[in-house]
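Thank you all for coming this morning.

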Amino acid sequence: MGCCKVPALIQAQVEMVLVNDVEHKSLFRRETDSPQRKASSLMEQGSLSPSFRERATKTPNNSVLQSFKIVILSNKLNLLLPFGPLAILLHYLTDNKGWIFLLSLVGITPLAERLGYATEQLACYTGSTVGGLLNATFGNVTELIISIFALKTGMIRVVQLTLLGSILSNMLLVLGCAFFCGGLVYSQKEQVFDKGNAVVNSGLLLMAVMGLLFPTVLHYTHSEVHAGSSELALSRFSSCVMLVAYAAYLFFQLKSQPSSYTALTEETSQDEESSDDDEDPEISKWEAIIWLSILTAWVSLLSGYLVDAIEGASVSWKIPISFISVILLPIVGNAAEHAGAIMFAMKDKLDLSLGVAIGSSIQISMFAVPFCVVIGWMMGAQMDLNFQLFETATLFITVIVVAFFLQEGTSNYFKGLMLILCYLIVAASFFVHEDPRQDDI
């Protein structure tokens, strides 16, 4: 009898444990799915989410050599890094501006990509919201550095054309390649993205066009109250307004409207179980900050030689400066965005692709352009928002075309192909476009 009672007692205890475990799991599931928990997670957007705190405990402890191997030696594109020092060497040994410009351009390409990588690593420690802002900011740091160096040397048209080309490249080439590659991978269905965010972004781009359009129209209609000064004053005032609008946009996205990041957070938490190793950072937070500083300094150094060789390269290659500034420079500066947007689209994360491509265009048009006007104002340079008639018309038509492609909230490879072909038309237009002289304007 005792032998029979012992197994029965053990079985009863096991059943009690199983029942308690099931009840515990159901209670835990109900708690995590409660509206209060969802509301608290929304309030924590931009700070450290619970999933992030768990990943942050896995901070890697790399030595200097290990960090160097991860950042520098792990990417095949870094084989182009020696072209940078070679460009500097040629600068002191020869006067061939064409080769100096080409080698500087090639040398900056892997640096722009590594800047994007270091930013993504730093974003692992800041959360998705702040991380998205960091990606957009450091993704455009190459164009900003080149623009500031060009402002110092008085090459205002190079600044205008480079920033314009970066906007066109992001909206047409980067977004087009993302739509095209994502459409090929998911050819049996239409990929979907947040239509509401796309409409807001299109409105901001149209506001940027308006900021550039009025100084241009004022100039070409010869309707200035004070000839030569009203256009510059309007540009500076509009730039300040655009900076305020961009700050309000950031506040709206980060604080008042966190729902746009909710889907990203939920999707990330769902993917963590299947790809937890891919989500873990490869370098520590301070390593990422140090590498960002080193890469930014190296980009700044090469940008000085690049800007110095632009005019000589234009004469040597018999290519218009407008084509070099609008097409060649932005392709190098947008290397990180290009790769990231395509990667996200091929993973069916189109909202992230739009955040990279359109978000970068918004930051350049609403922040970088007016910021350069204000910096030029401080330097005493007459940097204005009059981008000339041809360039302003090109930007206006591009924004309208992209807005039409985004209005449905869906994408496929055909839409991507159309955007790429539009960019080829823009590139051909600037190849045959001669920038007007100041006397002829």
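Predicted model: local features only at pLDDT ≥ 70, side-chain atom pairs only at ≥ 80, totals over all residues.

Residues are numbered from 1 along each chain as its sequence is written, and side-chain values use heavy atoms, with hydrogens and water left out.

Let me begin with the core. A nonpolar core here is a set of buried Ala, Val, Leu, Ile, Met, Phe, Trp, Tyr and Cys residues joined through side-chain atoms within 4.5 Å, and "buried" means under 20% relative accessible area, with "exposed" over 50% and "partly exposed" in between, using a 1.4 Å probe and protein chains only. The largest such core has 97 residues, and those with the most contacts inside it are Phe101, Leu175, Ile358, Leu395 and Leu406. Its largest share, 15 residues, comes from helix α9, which covers residues 156–185. When I say helix, I mean a DSSP run of H or I with at least four residues, numbered from the N terminus.

Which residues does Leu175 touch, leaving aside its neighbours within four places in sequence? With contact meaning heavy atoms within 4.5 Å, Leu175 meets Asn170, Leu354, Ala357, Ile358, Val402, Leu406 and Leu419.

Now to helix α8, residues 141–152, which is where we find Glu143. Is Glu143 buried or exposed? Glu143 is buried, with a relative accessible area of 2%, and, beyond its neighbours within four places in sequence, it is in contact with Leu163, Ser166, Pro330, Gly333 and Asn334. Glu143 and Leu329 are 186 residues apart in sequence, and yet their C-alpha atoms are 8.1 Å apart in space.

Helix α8 as a whole is mostly covered, since nine of its twelve residues are buried. The expected span of a helix is 1.5 Å times one less than its number of residues, so the twelve residues of α8 should span 16 Å, and its end C-alpha atoms, at 17 Å apart, agree with that. After α8 comes Gly154, whose phi is positive, near 80°.

Leu329 and Pro330 bring us to helix α16, residues 321–333, where both are among the buried residues. This helix is also mostly covered, with ten of its 13 residues buried, and it reaches 17 Å from its first C-alpha to its last, close to the expected 18 Å.

Next, the salt bridges, each being a side-chain nitrogen of Lys or Arg within 4 Å of a carboxyl oxygen of Asp or Glu. How many does a search of the whole structure find? There are four, and I will describe some of them.

In one of them the side chains of Asp308 and Lys97 meet, at 3.1 Å from N to O. Asp308 lies in helix α14 (residues 285–308) and Lys97 in helix α6 (residues 97–123), so this pair ties together parts that are 211 residues apart in sequence. Asp308 is partly exposed at 42% relative accessible area, and Lys97 is partly exposed at 25%.

Another joins Arg157 and Glu391, at 3.0 Å from N to O. Because Arg157 lies in α9 and Glu391 in helix α19 (residues 389–406), the pair ties together parts that are 234 residues apart in sequence. Arg157 counts as buried at 15% relative accessibility, and Glu391 is buried with a relative accessible area of 1%.

A further salt bridge links Lys415 and Glu408, with the closest N and O atoms 3.3 Å apart. Lys415 is buried at 9%, whereas Glu408 counts as exposed at 52%.

On a 1 Å grid over the protein atoms alone, a cavity is a set of points where a 1.4 Å probe fits but cannot get out, and a pocket is an open set with protein on both sides within 12 Å along at least five of seven lines; lining residues have an atom within 4 Å of a point.

Arg157 returns here, as one of the residues nearest the centre of the second largest pocket, which is lined by 16 residues. Helix α9 gives the most to that lining, with four residues.

As for the largest cavity, its lining includes Ile358 and Leu406, both of which we met in the core. The elements that give two or more residues to this lining are α10 (195–220) and α19.
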